[in-house]
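I set down here what I looked up in this structure, entry by entry.

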Amino acid sequence: MSTTSTKSFRFAGIQLHVTSDKEVNLRHAVEKVKEASKNGARVVCLPEIFNSPYQSSLFPQYAEDVSDPSSPSPKALSDVAKEEKIYLIGGSIPEREAINGEDKIYNTCLIYGPDGKLLAKHRKVHLFDIDVPGKITFRESDTLTGGNDVTVFPTEWCDIGVGICYDIRFPELAQVATSKGSKMLVYPGAFNMTTGPAHWELLLRSRAVDNQLFVAGVAPARNLESSYHSWGHTSVIEPWGSVLSTTEEGPSIVYADIDLDRVDDFRSSIPTLRQKRRDLYELVEK
Ligand SMILES: NC(=O)CCC(=O)C(=O)O
C-alpha cells in the first residue's frame with residue numbers, strides 16, 4: 001500500500017500489551033511494527049517503557065546498555081526498522097550507562113532510520129515524580145536520572161521532535177523542538193487512570209495548537225495485572241487541534257495520514273509563530 005508523497009506519510013502508534021516478560025514484549029512489538037508497516041505506515045512509534053512493566057523498582061532489572069548494538073531491545077528495534085525500511089521511534093526502555101563506575105538509569109527513546117542505523121536518542125528530560133493524595137504517587141527519580149537534550153530527528157518528509165510522557169507537561173520543551181524545525185511532535189507516554197482522563201488529550205491538543213503542528217501520544221494498552229494502569233488512548237492530533245485518530249484502552253494500532261500542508265496552511269493563516277513578541281519575552285535553549 002503506497003501512502004507517501006513528499007508532503008505526506010502514514011504514521012502508526014502501537015498501543016502494545018506490555019507484560020513482565022521482556023522477550024515476549026520484544027517479540028510482540030516486532031510483530032506489531034511489521035503489521036503497521038504492511039498497512040503503509042512509514043513512521044512507527046511504540047509506547048513508553050515497552051519492554052518492561054512501568055514500575056520504578058523494576059527499571060534497573062530491565063535496563064540495557066544501548067551502546068552495545070547486541071543488547072536485545074536495540075537489536076530488535078534496529079533489525080525491524082531495517083527490514084521494513086521505516087523510521088521507528090522505539091517508545092522507551094530503561095537504559096543503563098556506567099559513569100565513573102556508577103550505574104545511571106535513564107528512560108530512553110531510541111530512534112532508528114530505514115537503514116537500521118540509530119538516528120537519535122531521547123532521554124526523558126522531566127522525571128515523573130508526583131503525589132496526588134489518595135490517588136497516585138510515583139517517583140521515577142527513585143531509580144532514574146533525567147536527560148539533558150532536546151531531541152529532533154530528520155525524515156524525508158519533515159523533522160520530528162520527541163519527548164517522553166511527562167515531558168509533554170512542559171510547553172517549553174515542545175517550543176524549542178518547534179523552533180528547531182519540527183512539524184510533528186511524538187510522545188511515547190503512559191498516563192494513568194487519575195491524570196489520563198483529565199489531562200492526556202488536553203495536553204496533546206494544547207501542544208498541537210501552541211506549536212501549530214501534528215502531535216502523537218503513544219501509550220501501552222491497559223494491563224490490569226500490572227501495578228500501574230495505563231490510560232491508553234493513543235492519539236494523533238492535527239495542527240488545528242482536532243483529534244485525527246484515537247483509540248480506547250485495549251491493544252491496537254492507531255494510524256494517521258500526516259498531511260504536512262496542514263501545518264503550512266495553519267501557520268500562514270494564523271501566524272502566531274511569527275508574531276511572538278521577542279522584545280517582551282524569549283525562550284532560550286541552554
Ligand atoms: N509516565 C509518565 O511520565 C506519566 C505522566 C503522567 O501520567 C502525567 O500525568 O503527567
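**Entry 1. N148.** I began with N148, which is exposed because 8 other C-beta atoms lie within 10 Å of its own. The cut-offs I applied are these: a residue is buried if 20 or more other C-beta atoms lie within 10 Å of its own, exposed if 12 or fewer, and partly exposed in between, with C-beta atoms placed from the backbone. N148 sits in the loop between β8 (136-139) and β9 (151-154). Helices (H or I, at least four residues) and strands (E, at least two) are DSSP runs, numbered from the N terminus. I then took a C-alpha to C-alpha distance: N148 and G241 are 29 Å apart in space and 93 residues apart in sequence.

**Entry 2. Basis of the model.** I note that this is a predicted model, in which local features need pLDDT of at least 70, side-chain atom pairs count only at pLDDT 80 or more, and totals for chains, interfaces and linings use all residues. Residues are numbered from 1 along each chain as its sequence is written. The mean pLDDT of the protein (the predictor's confidence in each residue, from 0 to 100) is 97, and 99% of the residues reach 70 or more. For the complex, the predictor gives an ipTM of 0.99 and a pTM of 0.97.

**Entry 3. Overall dimensions.** I found six helices and 15 strands in the secondary structure of the protein. The radius of gyration is 18 Å, which agrees with the value near 19 Å that a compact globule of 286 residues would have. This radius is taken over C-alpha atoms, and the globule rule is 2.2 Å times the number of residues to the power 0.38. Along the principal axes, the C-alpha atoms fill a box of roughly 50 × 45 × 40 Å. Of the 286 residues, 45% count as buried.

Entry 4. G146 counts as partly exposed because it has 14 C-beta neighbours inside 10 Å. The C-alpha atoms of G146 and P133 are separated by 24 Å, and the two residues are 13 apart along the chain.

**Entry 5. β9 and β10.** Four bridges join β9 to strand β10 (residues 159-162), and the two run antiparallel; strands pair if DSSP finds at least two bridges between them. V152 has G161 as its bridge partner in β10. With four residues between them, β9 and β10 form a hairpin.

**Entry 6. Strand β1.** How many of the eight residues of strand β1 are buried? I counted seven in this strand (residues 8-15), so β1 is largely enclosed by the rest of the structure. I14 has its place in β1 and is buried, since 28 other C-beta atoms lie within 10 Å. From I14 to P239 the C-alpha distance is 21 Å, across 225 residues of sequence.

Eight bridges join β1 to strand β15 (residues 252-259), running antiparallel, and A12 stands opposite Y255 there. Three bridges join β1 to strand β2 (residues 43-45), and these strands run parallel. F11 has V43 as its bridge partner in β2.

I also recorded that β1, helix α1 (residues 22-38) and β2 make a right-handed β-α-β unit. A crossover is right-handed if, with the strands pointing away from the viewer, the path from the first strand over the helix to the second runs clockwise.

**Entry 7. Two positive phi values.** Most residues other than glycine have a negative phi, and most peptide bonds are trans. I noted a positive phi near 55° at K85, in the loop between α3 (72-84) and β3 (87-89). K85 counts as exposed because it has 12 C-beta neighbours inside 10 Å. Phi of Q212 is likewise positive, near 55°. Q212 lies in the loop between α5 (195-211) and β12 (214-218) and is buried, since 23 other C-beta atoms lie within 10 Å.

**Entry 8. The ligand.** Which residues are around the ligand? I listed E48, F128, C165, Y166, R169, A190, F191, N192, T195 and H199; a residue is near a molecule or strand if its C-beta atom, placed from the backbone, lies within 6 Å of it. By class, this shell has five nonpolar, three polar and two charged residues. Ala, Val, Leu, Ile, Met, Phe, Trp, Tyr, Cys and Pro count as nonpolar, Asp, Glu, Lys and Arg as charged, and the others, Gly among them, as polar.
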